[in-house]
Amino acid sequence: MKVTIYGSGYVGLVTGACLAEVGNHVLCVDIDPDKIARLEQGEIPIHEPGLDALVADNIAAGRLAFTLDPAEGVRHGLFQFIAVGTPPDEDGSADLSHVLAVARTIAEHLDDYRIVVNKSTVPVGTADQVRTVMADTLAQRGAPVDFDVVSNPEFLKEGAAIDDFMKPDRIIIGTDNPRTAELMRALYAPFNRNHDRVMIMDIRSAELTKYAANAMLATKISFMNELANLAEKLGADIEHVRQGMGSDPRIGYHFIYPGCGYGGSCFPKDVKALEHTARQVGFPARLLAAVEAVNHHQKTRLFDKIHAHFNGDLQGRTIALWGLAFKPNTDDMREASSRTLMEALWAAGVHVRAHDPVAMEECTRLYGSRPDLTLCQDHETALLGADALVIVTEWHVFRSPDFDLIRRRLKTPTLFDGRNLYDPQYLEDLGFAYYAIGRGRAE
Ligand code: NAD
(Lines give C-alpha, C1' and ligand atoms only; values in the text may rest on other atoms or scores of the structure.)
Protein backbone atom coordinates (compact mmCIF):
# COMPACT_ATOMS: atom_id res chain seq x y z
CA MET A 1 0.00 0.00 0.00
CA LYS A 2 1.05 3.59 -0.45
CA VAL A 3 1.23 5.81 2.59
CA THR A 4 2.12 9.47 3.06
CA ILE A 5 3.04 10.82 6.48
CA TYR A 6 3.15 14.51 7.34
CA GLY A 7 5.55 15.20 10.22
CA SER A 8 8.83 13.30 10.64
CA GLY A 9 9.16 13.58 14.41
CA TYR A 10 9.03 10.80 16.99
CA VAL A 11 5.63 9.57 15.85
CA GLY A 12 5.77 10.25 12.10
CA LEU A 13 9.21 8.78 11.58
CA VAL A 14 8.55 5.65 13.61
CA THR A 15 5.16 5.14 11.90
CA GLY A 16 6.75 5.64 8.48
CA ALA A 17 9.69 3.31 9.13
CA CYS A 18 7.48 0.55 10.61
CA LEU A 19 4.88 0.73 7.83
CA ALA A 20 7.71 0.56 5.27
CA GLU A 21 9.33 -2.36 7.10
CA VAL A 22 6.24 -4.55 6.50
CA GLY A 23 6.27 -3.81 2.76
CA ASN A 24 4.37 -0.56 2.23
CA HIS A 25 5.74 2.33 0.19
CA VAL A 26 5.98 5.32 2.49
CA LEU A 27 6.69 8.95 1.69
CA CYS A 28 7.41 11.24 4.66
CA VAL A 29 6.72 14.95 4.24
CA ASP A 30 8.09 17.60 6.59
CA ILE A 31 8.42 21.38 6.43
CA ASP A 32 11.87 21.41 8.07
CA PRO A 33 14.45 21.41 5.24
CA ASP A 34 17.31 20.57 7.58
CA LYS A 35 15.46 17.54 8.94
CA ILE A 36 14.59 16.26 5.48
CA ALA A 37 18.17 16.75 4.25
CA ARG A 38 19.52 14.77 7.22
CA LEU A 39 16.93 12.01 6.80
CA GLU A 40 17.72 11.67 3.10
CA GLN A 41 21.32 10.97 4.15
CA GLY A 42 20.02 8.30 6.54
CA GLU A 43 20.82 10.51 9.55
CA ILE A 44 18.18 10.32 12.30
CA PRO A 45 17.58 13.66 14.03
CA ILE A 46 16.22 12.04 17.21
CA HIS A 47 17.44 9.31 19.55
CA GLU A 48 15.17 6.28 19.33
CA PRO A 49 16.68 2.80 19.78
CA GLY A 50 16.69 0.79 16.52
CA LEU A 51 15.26 3.57 14.40
CA ASP A 52 18.45 4.38 12.47
CA ALA A 53 18.83 0.82 11.14
CA LEU A 54 15.12 0.56 10.30
CA VAL A 55 15.16 3.85 8.38
CA ALA A 56 18.43 3.02 6.57
CA ASP A 57 17.21 -0.47 5.55
CA ASN A 58 13.93 0.81 4.18
CA ILE A 59 15.51 3.73 2.31
CA ALA A 60 17.90 1.21 0.74
CA ALA A 61 15.00 -1.09 -0.15
CA GLY A 62 13.25 1.81 -1.91
CA ARG A 63 10.23 1.68 0.40
CA LEU A 64 10.90 4.84 2.41
CA ALA A 65 11.54 8.32 1.04
CA PHE A 66 11.43 11.90 2.26
CA THR A 67 10.28 15.12 0.68
CA LEU A 68 9.53 18.76 1.40
CA ASP A 69 6.94 18.79 -1.39
CA PRO A 70 3.39 18.25 -0.10
CA ALA A 71 2.00 17.97 -3.66
CA GLU A 72 4.13 14.86 -4.11
CA GLY A 73 2.85 13.63 -0.76
CA VAL A 74 -0.81 14.06 -1.71
CA ARG A 75 -0.25 12.26 -5.04
CA HIS A 76 1.59 9.36 -3.36
CA GLY A 77 -0.54 7.76 -0.67
CA LEU A 78 -4.12 6.54 -0.42
CA PHE A 79 -3.48 6.96 3.32
CA GLN A 80 -2.49 10.50 4.31
CA PHE A 81 -1.28 10.38 7.92
CA ILE A 82 -1.08 13.57 9.96
CA ALA A 83 1.62 13.17 12.63
CA VAL A 84 2.60 16.77 13.34
CA GLY A 85 2.99 18.34 16.76
CA THR A 86 0.08 19.62 18.86
CA PRO A 87 1.93 21.71 21.46
CA PRO A 88 0.10 23.43 24.30
CA ASP A 89 -1.20 26.94 23.75
CA GLU A 90 -0.92 29.49 26.53
CA ASP A 91 -4.39 28.59 27.87
CA GLY A 92 -3.49 24.88 27.98
CA SER A 93 -5.49 23.96 24.88
CA ALA A 94 -3.85 21.91 22.13
CA ASP A 95 -2.50 24.12 19.34
CA LEU A 96 -4.08 22.67 16.21
CA SER A 97 -2.46 25.06 13.75
CA HIS A 98 -0.04 22.42 12.39
CA VAL A 99 -2.75 19.78 12.04
CA LEU A 100 -5.11 22.17 10.26
CA ALA A 101 -2.28 23.49 8.07
CA VAL A 102 -1.67 19.94 6.85
CA ALA A 103 -5.41 19.45 6.25
CA ARG A 104 -5.47 22.65 4.14
CA THR A 105 -2.35 21.59 2.22
CA ILE A 106 -3.79 18.16 1.44
CA ALA A 107 -7.02 19.75 0.15
CA GLU A 108 -5.05 22.25 -1.97
CA HIS A 109 -3.52 19.37 -3.93
CA LEU A 110 -6.25 16.73 -3.71
CA ASP A 111 -7.54 15.38 -7.02
CA ASP A 112 -8.52 11.85 -6.06
CA TYR A 113 -10.06 10.05 -3.07
CA ARG A 114 -7.79 9.90 -0.01
CA ILE A 115 -8.11 8.75 3.60
CA VAL A 116 -6.82 11.41 5.98
CA VAL A 117 -5.66 9.64 9.14
CA ASN A 118 -5.09 11.75 12.20
CA LYS A 119 -2.33 10.26 14.34
CA SER A 120 -1.50 13.42 16.28
CA THR A 121 -3.05 13.68 19.74
CA VAL A 122 -5.96 16.05 19.19
CA PRO A 123 -9.02 17.16 21.18
CA VAL A 124 -12.43 15.68 20.57
CA GLY A 125 -13.97 17.38 17.55
CA THR A 126 -10.72 17.86 15.62
CA ALA A 127 -11.69 15.39 12.91
CA ASP A 128 -14.73 17.60 12.27
CA GLN A 129 -12.45 20.63 12.02
CA VAL A 130 -10.13 18.80 9.62
CA ARG A 131 -13.12 17.86 7.50
CA THR A 132 -14.42 21.46 7.48
CA VAL A 133 -11.04 22.98 6.57
CA MET A 134 -10.63 20.47 3.75
CA ALA A 135 -14.19 20.93 2.46
CA ASP A 136 -13.80 24.73 2.49
CA THR A 137 -10.47 24.56 0.65
CA LEU A 138 -11.87 22.17 -1.94
CA ALA A 139 -14.94 24.41 -2.39
CA GLN A 140 -12.68 27.42 -2.98
CA ARG A 141 -10.84 25.41 -5.62
CA GLY A 142 -14.14 24.26 -7.15
CA ALA A 143 -12.84 20.69 -6.78
CA PRO A 144 -15.50 18.30 -5.43
CA VAL A 145 -13.12 15.50 -4.44
CA ASP A 146 -14.23 12.83 -1.97
CA PHE A 147 -12.18 12.07 1.16
CA ASP A 148 -12.55 10.47 4.58
CA VAL A 149 -11.15 11.55 7.93
CA VAL A 150 -10.13 8.88 10.44
CA SER A 151 -8.89 9.18 14.01
CA ASN A 152 -6.04 6.77 14.72
CA PRO A 153 -4.28 7.95 17.88
CA GLU A 154 -0.77 6.71 18.58
CA PHE A 155 0.22 5.06 21.86
CA LEU A 156 3.95 4.45 21.33
CA LYS A 157 6.41 5.27 24.09
CA GLU A 158 9.61 7.12 23.29
CA GLY A 159 12.53 4.81 23.98
CA ALA A 160 10.49 1.71 23.04
CA ALA A 161 8.68 3.19 20.07
CA ILE A 162 9.49 0.58 17.45
CA ASP A 163 8.47 -2.32 19.64
CA ASP A 164 5.29 -0.51 20.62
CA PHE A 165 4.40 0.14 16.99
CA MET A 166 5.27 -3.36 15.82
CA LYS A 167 3.48 -5.07 18.73
CA PRO A 168 0.78 -2.63 19.79
CA ASP A 169 -1.48 -3.19 22.79
CA ARG A 170 -4.32 -1.77 20.72
CA ILE A 171 -4.95 -0.15 17.38
CA ILE A 172 -7.73 2.39 17.74
CA ILE A 173 -9.57 3.35 14.60
CA GLY A 174 -12.24 6.01 14.84
CA THR A 175 -14.40 6.23 11.72
CA ASP A 176 -18.01 6.45 10.67
CA ASN A 177 -17.38 4.67 7.37
CA PRO A 178 -17.27 0.83 7.38
CA ARG A 179 -15.33 0.73 4.07
CA THR A 180 -12.62 3.01 5.51
CA ALA A 181 -12.52 0.87 8.64
CA GLU A 182 -11.75 -2.18 6.49
CA LEU A 183 -8.98 -0.37 4.59
CA MET A 184 -7.42 0.74 7.87
CA ARG A 185 -7.71 -2.78 9.23
CA ALA A 186 -5.91 -4.08 6.13
CA LEU A 187 -3.10 -1.51 6.56
CA TYR A 188 -2.60 -2.63 10.16
CA ALA A 189 -3.00 -6.38 9.49
CA PRO A 190 0.78 -7.07 9.69
CA PHE A 191 0.79 -5.69 13.26
CA ASN A 192 -2.35 -7.57 14.23
CA ARG A 193 -1.60 -11.21 13.54
CA ASN A 194 -1.32 -12.71 17.01
CA HIS A 195 -4.77 -11.70 18.19
CA ASP A 196 -7.15 -8.96 17.16
CA ARG A 197 -6.05 -5.69 18.66
CA VAL A 198 -8.01 -3.47 16.30
CA MET A 199 -10.77 -1.51 18.00
CA ILE A 200 -13.13 0.27 15.66
CA MET A 201 -15.20 3.02 17.24
CA ASP A 202 -16.75 6.37 16.51
CA ILE A 203 -14.35 9.24 15.86
CA ARG A 204 -15.03 11.20 19.05
CA SER A 205 -14.49 8.17 21.26
CA ALA A 206 -11.20 7.43 19.49
CA GLU A 207 -10.02 11.00 20.02
CA LEU A 208 -10.99 10.88 23.70
CA THR A 209 -9.39 7.45 24.29
CA LYS A 210 -5.89 8.83 23.74
CA TYR A 211 -6.37 11.64 26.26
CA ALA A 212 -8.09 9.30 28.70
CA ALA A 213 -5.16 6.85 28.60
CA ASN A 214 -2.51 9.54 29.10
CA ALA A 215 -4.51 11.29 31.80
CA MET A 216 -4.91 7.97 33.64
CA LEU A 217 -1.17 7.34 33.56
CA ALA A 218 -0.43 10.88 34.73
CA THR A 219 -2.99 10.42 37.51
CA LYS A 220 -1.22 7.28 38.72
CA ILE A 221 2.07 9.17 38.92
CA SER A 222 0.61 12.18 40.69
CA PHE A 223 -1.27 9.94 43.09
CA MET A 224 1.97 8.16 44.03
CA ASN A 225 3.81 11.46 44.36
CA GLU A 226 1.11 12.79 46.64
CA LEU A 227 1.42 9.64 48.76
CA ALA A 228 5.22 9.90 48.70
CA ASN A 229 5.10 13.42 50.08
CA LEU A 230 2.71 12.27 52.77
CA ALA A 231 4.93 9.26 53.58
CA GLU A 232 7.83 11.65 54.18
CA LYS A 233 5.79 13.62 56.68
CA LEU A 234 4.65 10.43 58.39
CA GLY A 235 8.07 8.75 58.51
CA ALA A 236 6.98 5.91 56.19
CA ASP A 237 8.85 4.57 53.16
CA ILE A 238 6.86 4.94 49.93
CA GLU A 239 8.90 2.15 48.30
CA HIS A 240 7.48 -0.36 50.80
CA VAL A 241 4.05 1.17 50.34
CA ARG A 242 4.36 0.93 46.54
CA GLN A 243 5.17 -2.76 46.68
CA GLY A 244 2.38 -3.41 49.15
CA MET A 245 -0.08 -1.60 46.90
CA GLY A 246 1.11 -3.17 43.64
CA SER A 247 0.62 -6.71 44.94
CA ASP A 248 -3.13 -6.17 44.67
CA PRO A 249 -3.92 -7.29 41.11
CA ARG A 250 -6.61 -4.61 40.92
CA ILE A 251 -3.83 -2.04 41.33
CA GLY A 252 -0.79 -3.75 39.80
CA TYR A 253 2.86 -2.72 39.81
CA HIS A 254 2.90 -0.78 36.57
CA PHE A 255 3.39 2.95 36.56
CA ILE A 256 3.21 3.56 40.30
CA TYR A 257 6.76 4.79 40.78
CA PRO A 258 7.06 7.98 42.80
CA GLY A 259 9.66 10.50 41.68
CA CYS A 260 10.45 14.10 40.84
CA GLY A 261 7.49 14.57 38.51
CA TYR A 262 6.47 13.57 35.01
CA GLY A 263 7.62 15.45 31.91
CA GLY A 264 7.87 14.78 28.22
CA SER A 265 5.93 15.92 25.23
CA CYS A 266 2.71 14.10 26.11
CA PHE A 267 1.52 13.85 29.73
CA PRO A 268 1.85 17.52 30.72
CA LYS A 269 0.27 18.85 27.56
CA ASP A 270 -2.41 16.18 27.28
CA VAL A 271 -3.61 16.58 30.86
CA LYS A 272 -3.82 20.35 30.34
CA ALA A 273 -5.57 19.95 26.98
CA LEU A 274 -8.17 17.54 28.37
CA GLU A 275 -8.81 19.87 31.28
CA HIS A 276 -9.26 22.70 28.79
CA THR A 277 -11.65 20.62 26.68
CA ALA A 278 -13.68 19.88 29.81
CA ARG A 279 -13.81 23.58 30.70
CA GLN A 280 -15.02 24.42 27.21
CA VAL A 281 -18.07 22.23 27.66
CA GLY A 282 -18.76 23.67 31.12
CA PHE A 283 -17.44 20.65 33.02
CA PRO A 284 -14.89 21.35 35.75
CA ALA A 285 -12.44 18.42 35.60
CA ARG A 286 -11.36 18.65 39.25
CA LEU A 287 -9.21 15.53 39.28
CA LEU A 288 -7.26 16.57 36.18
CA ALA A 289 -6.57 19.99 37.69
CA ALA A 290 -5.21 18.27 40.81
CA VAL A 291 -3.05 15.86 38.77
CA GLU A 292 -1.47 18.82 37.03
CA ALA A 293 -1.02 20.84 40.25
CA VAL A 294 0.59 17.89 42.10
CA ASN A 295 3.03 17.37 39.24
CA HIS A 296 3.90 21.05 39.07
CA HIS A 297 4.74 20.95 42.77
CA GLN A 298 6.61 17.65 42.48
CA LYS A 299 9.02 19.11 39.93
CA THR A 300 10.15 21.64 42.56
CA ARG A 301 10.80 19.06 45.30
CA LEU A 302 14.42 18.30 44.45
CA PHE A 303 15.32 21.97 44.53
CA ASP A 304 13.48 22.38 47.84
CA LYS A 305 15.43 19.48 49.33
CA ILE A 306 18.74 20.89 48.09
CA HIS A 307 17.80 24.34 49.41
CA ALA A 308 16.88 22.88 52.80
CA HIS A 309 20.03 20.75 53.06
CA PHE A 310 22.29 23.75 52.45
CA ASN A 311 20.14 26.02 54.67
CA GLY A 312 19.46 28.28 51.68
CA ASP A 313 23.19 28.93 51.20
CA LEU A 314 23.38 28.03 47.50
CA GLN A 315 25.08 30.99 45.82
CA GLY A 316 28.41 29.88 44.30
CA ARG A 317 27.84 26.16 44.89
CA THR A 318 28.23 23.44 42.27
CA ILE A 319 25.77 20.60 41.76
CA ALA A 320 26.43 17.46 39.71
CA LEU A 321 23.31 16.41 37.80
CA TRP A 322 22.81 12.97 36.29
CA GLY A 323 20.09 12.72 33.66
CA LEU A 324 18.64 15.48 31.50
CA ALA A 325 16.09 13.59 29.37
CA PHE A 326 12.54 13.38 30.71
CA LYS A 327 12.97 9.60 30.94
CA PRO A 328 15.64 7.04 29.98
CA ASN A 329 16.27 5.93 26.38
CA THR A 330 15.30 9.21 24.80
CA ASP A 331 16.96 12.56 24.15
CA ASP A 332 13.64 14.37 24.59
CA MET A 333 13.82 17.16 27.18
CA ARG A 334 10.37 18.66 26.60
CA GLU A 335 8.96 19.57 30.04
CA ALA A 336 11.71 17.48 31.70
CA SER A 337 12.07 17.73 35.48
CA SER A 338 15.78 18.42 34.90
CA ARG A 339 14.84 21.75 33.33
CA THR A 340 12.75 22.91 36.29
CA LEU A 341 15.60 21.94 38.59
CA MET A 342 18.41 23.50 36.56
CA GLU A 343 16.50 26.74 36.08
CA ALA A 344 15.87 26.99 39.84
CA LEU A 345 19.52 26.18 40.60
CA TRP A 346 20.76 28.81 38.16
CA ALA A 347 18.40 31.39 39.63
CA ALA A 348 19.96 30.61 43.03
CA GLY A 349 23.48 31.15 41.68
CA VAL A 350 24.45 27.46 41.42
CA HIS A 351 26.79 26.04 38.77
CA VAL A 352 25.48 22.79 37.23
CA ARG A 353 27.79 20.03 35.98
CA ALA A 354 25.49 17.72 34.02
CA HIS A 355 25.67 14.48 32.12
CA ASP A 356 23.10 12.51 30.13
CA PRO A 357 23.91 9.48 27.96
CA VAL A 358 22.06 10.94 24.93
CA ALA A 359 20.43 14.31 25.67
CA MET A 360 23.53 16.57 25.82
CA GLU A 361 23.07 17.85 22.26
CA GLU A 362 19.43 18.63 23.00
CA CYS A 363 20.48 20.42 26.19
CA THR A 364 22.92 22.57 24.20
CA ARG A 365 20.19 23.32 21.67
CA LEU A 366 17.87 24.44 24.48
CA TYR A 367 20.28 26.37 26.70
CA GLY A 368 23.26 27.19 24.47
CA SER A 369 26.59 27.53 26.22
CA ARG A 370 25.84 29.14 29.58
CA PRO A 371 28.66 30.00 31.97
CA ASP A 372 26.79 28.25 34.80
CA LEU A 373 26.37 24.95 32.91
CA THR A 374 29.12 22.44 32.16
CA LEU A 375 28.12 19.40 30.12
CA CYS A 376 30.48 16.57 31.07
CA GLN A 377 31.42 13.68 28.80
CA ASP A 378 30.56 11.07 31.43
CA HIS A 379 28.64 10.93 34.68
CA GLU A 380 31.72 10.42 36.83
CA THR A 381 33.42 13.54 35.47
CA ALA A 382 30.32 15.53 36.38
CA LEU A 383 31.08 14.84 40.06
CA LEU A 384 34.39 16.70 40.12
CA GLY A 385 34.29 19.61 42.56
CA ALA A 386 30.52 19.38 43.12
CA ASP A 387 28.92 19.97 46.52
CA ALA A 388 26.29 17.28 45.90
CA LEU A 389 24.93 14.88 43.30
CA VAL A 390 21.33 14.95 42.03
CA ILE A 391 19.79 12.15 39.99
CA VAL A 392 16.88 13.14 37.80
CA THR A 393 16.62 10.43 35.12
CA GLU A 394 16.81 6.71 35.94
CA TRP A 395 19.20 5.63 33.18
CA HIS A 396 20.46 2.05 33.67
CA VAL A 397 24.06 3.23 33.99
CA PHE A 398 23.15 5.21 37.14
CA ARG A 399 21.62 2.23 38.95
CA SER A 400 24.76 0.73 40.37
CA PRO A 401 27.38 3.48 40.45
CA ASP A 402 30.77 3.47 42.15
CA PHE A 403 29.74 5.01 45.48
CA ASP A 404 33.35 5.21 46.68
CA LEU A 405 34.23 7.32 43.68
CA ILE A 406 31.16 9.50 44.20
CA ARG A 407 32.14 10.05 47.83
CA ARG A 408 35.74 10.88 46.90
CA ARG A 409 34.81 13.28 44.13
CA LEU A 410 32.06 15.24 45.86
CA LYS A 411 33.06 17.96 48.33
CA THR A 412 30.62 16.42 50.79
CA PRO A 413 28.93 13.02 50.30
CA THR A 414 25.42 14.32 49.60
CA LEU A 415 23.03 12.64 47.19
CA PHE A 416 19.56 13.75 46.10
CA ASP A 417 17.80 10.91 44.32
CA GLY A 418 14.76 11.96 42.30
CA ARG A 419 14.01 8.38 41.21
CA ASN A 420 14.51 6.31 44.39
CA LEU A 421 17.25 4.18 42.86
CA TYR A 422 19.15 3.26 46.03
CA ASP A 423 18.68 1.72 49.45
CA PRO A 424 18.65 4.60 51.99
CA GLN A 425 20.21 2.47 54.76
CA TYR A 426 23.05 1.33 52.50
CA LEU A 427 23.80 4.91 51.46
CA GLU A 428 23.68 6.13 55.03
CA ASP A 429 26.03 3.33 56.11
CA LEU A 430 28.45 4.55 53.43
CA GLY A 431 28.33 7.97 55.04
CA PHE A 432 26.09 9.74 52.56
CA ALA A 433 23.46 12.31 53.37
CA TYR A 434 20.83 10.68 51.15
CA TYR A 435 17.56 12.31 50.17
CA ALA A 436 15.06 10.40 48.06
CA ILE A 437 11.34 10.89 47.35
CA GLY A 438 8.91 9.77 50.04
CA ARG A 439 11.33 7.73 52.10
CA GLY A 440 10.55 8.64 55.65
CA ARG A 441 12.67 11.73 56.08
CA ALA A 442 10.50 14.46 57.53
CA GLU A 443 11.68 18.00 56.74
P1 NAD B 1 7.60 16.20 16.90
O2 NAD B 1 7.62 17.60 17.33
O3 NAD B 1 8.73 15.29 17.23
O4 NAD B 1 7.45 16.15 15.30
C5 NAD B 1 6.53 16.92 14.59
C6 NAD B 1 7.07 17.11 13.17
O7 NAD B 1 6.05 17.72 12.37
C8 NAD B 1 8.29 18.02 13.08
O9 NAD B 1 9.33 17.37 12.35
C10 NAD B 1 7.77 19.24 12.29
O11 NAD B 1 8.77 19.86 11.48
C12 NAD B 1 6.68 18.61 11.45
N13 NAD B 1 5.68 19.51 10.91
C14 NAD B 1 5.11 20.60 11.50
N15 NAD B 1 4.22 21.18 10.64
C16 NAD B 1 4.22 20.42 9.52
C17 NAD B 1 3.50 20.50 8.27
N18 NAD B 1 2.62 21.46 8.04
N19 NAD B 1 3.76 19.56 7.35
C20 NAD B 1 4.66 18.57 7.57
N21 NAD B 1 5.36 18.45 8.70
C22 NAD B 1 5.14 19.37 9.66
O23 NAD B 1 6.22 15.60 17.41
P24 NAD B 1 5.92 14.11 17.94
O25 NAD B 1 6.51 13.91 19.28
O26 NAD B 1 6.20 13.13 16.85
O27 NAD B 1 4.34 14.21 18.17
C28 NAD B 1 3.43 14.30 17.09
C29 NAD B 1 2.02 14.08 17.63
O30 NAD B 1 1.90 12.75 18.13
C31 NAD B 1 1.63 15.00 18.79
O32 NAD B 1 0.28 15.30 18.69
C33 NAD B 1 1.90 14.14 20.01
O34 NAD B 1 1.10 14.51 21.11
C35 NAD B 1 1.51 12.77 19.51
N36 NAD B 1 2.17 11.66 20.20
C37 NAD B 1 3.48 11.76 20.56
C38 NAD B 1 4.09 10.69 21.19
C39 NAD B 1 5.54 10.77 21.64
O40 NAD B 1 5.94 9.94 22.45
N41 NAD B 1 6.33 11.72 21.16
C42 NAD B 1 3.38 9.50 21.45
C43 NAD B 1 2.05 9.42 21.02
C44 NAD B 1 1.46 10.51 20.40
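**View 1. Helix 9 against helix 12 in the predicted model.** Helix 9 (residues 203–234) and helix 12 are oblique to each other, in what is a predicted model. Their axes cross at roughly 55 degrees and come within 9 Å. The crossing of helix 9 and helix 12 is left-handed. On the helix 9 side, the contacting residues are Ala215, Ala218, Thr219, Ser222, Asn225 and Glu226. Helix 12 meets them with Leu287, Leu288, Val291, Val294, Asn295 and Gln298.

**View 2. Helix 11 against helix 12.** Helix 12 (residues 286–298) also packs with helix 11, at an angle of about 150 degrees. The two axes lie 9 Å apart. That angle makes helix 11 roughly antiparallel to helix 12, because the cut-off for this class is over 145 degrees. The crossing of helix 11 and helix 12 is left-handed. From helix 11, Val271, Lys272, Leu274, Glu275 and Ala278 take part. From helix 12, the partners are Leu288, Ala289, Val291 and Glu292.

**View 3. Cys266, annotated as an active site.** The "active site" label at Cys266 comes from an unreviewed UniProt entry. Cys266 sits in the loop between helix 10 (238–246) and helix 11 (267–280). Cys266 counts as buried because 25 C-beta neighbours lie inside 10 Å. Residues up to four places away in sequence aside, Cys266 touches Thr121 and Asn214.

**View 4. The annotated binding-site residues.** In an unreviewed entry, UniProt lists Phe155, Leu156, Lys157, Glu158, Lys210, Phe255, Ile256, Tyr257, Pro258, Gly259, Gly263 and Lys327 under "binding site". These residues span 173 residues in sequence, and the farthest two C-alpha atoms are 23.8 Å apart, so they do not all gather at one spot.

View 5. Leu156 is in the loop between strand 6 (147–151) and helix 7 (161–166). Leu156 is buried, with 20 other C-beta atoms within 10 Å. Leaving aside neighbours within four places in sequence, Leu156 is in contact with Val11, Val14, Ala161, Asp164 and Phe165. Tyr257 is in the loop between helix 10 and helix 11. Tyr257 has 19 other C-beta atoms within 10 Å and is partly exposed, because burial needs 20 or more.

**View 6. Strand 3 and its partner.** Strand 2 (residues 25–29) pairs with strand 3 in the parallel sense, over 4 bridges. Opposite Phe66 of strand 3 stands Cys28.

View 7. UniProt lists residues 320–424 as "domain: UDP-glucose/GDP-mannose dehydrogenase C-terminal", in an unreviewed entry. This stretch is 26% helix and 18% strand, and its end C-alpha atoms are 19 Å apart. In helix 14 (residues 337–347), Ser337, Ser338, Thr340, Leu341, Met342 and Leu345 are buried. Their cover includes helix 13 (301–309), strand 9 (318–322), strand 10 (351–355) and strand 12 (388–391). Just after helix 14, Gly349 takes a positive phi of about 85 degrees.

Conventions
Residues numbered from 1 in each chain as written. Predicted model: local features only at pLDDT ≥ 70, side-chain atom pairs only at ≥ 80, totals over all residues. UniProt positions renumbered as here; feature names shortened; annotations may be inferred. Helix = DSSP H or I, 4+ residues; strand = E, 2+ residues; numbered from the N terminus. Buried ≥ 20, exposed ≤ 12 C-beta atoms within 10 Å, placed from the backbone. Contact = placed C-beta atoms within 7 Å. Pairing = 2+ DSSP bridges. Axes fitted to C-alpha atoms, helices over the stretch in contact; angles between N-to-C directions. Parallel < 35°, antiparallel > 145°, perpendicular 65-115°, else oblique. Left-handed = near helix turned anticlockwise from the far one by under 90°.
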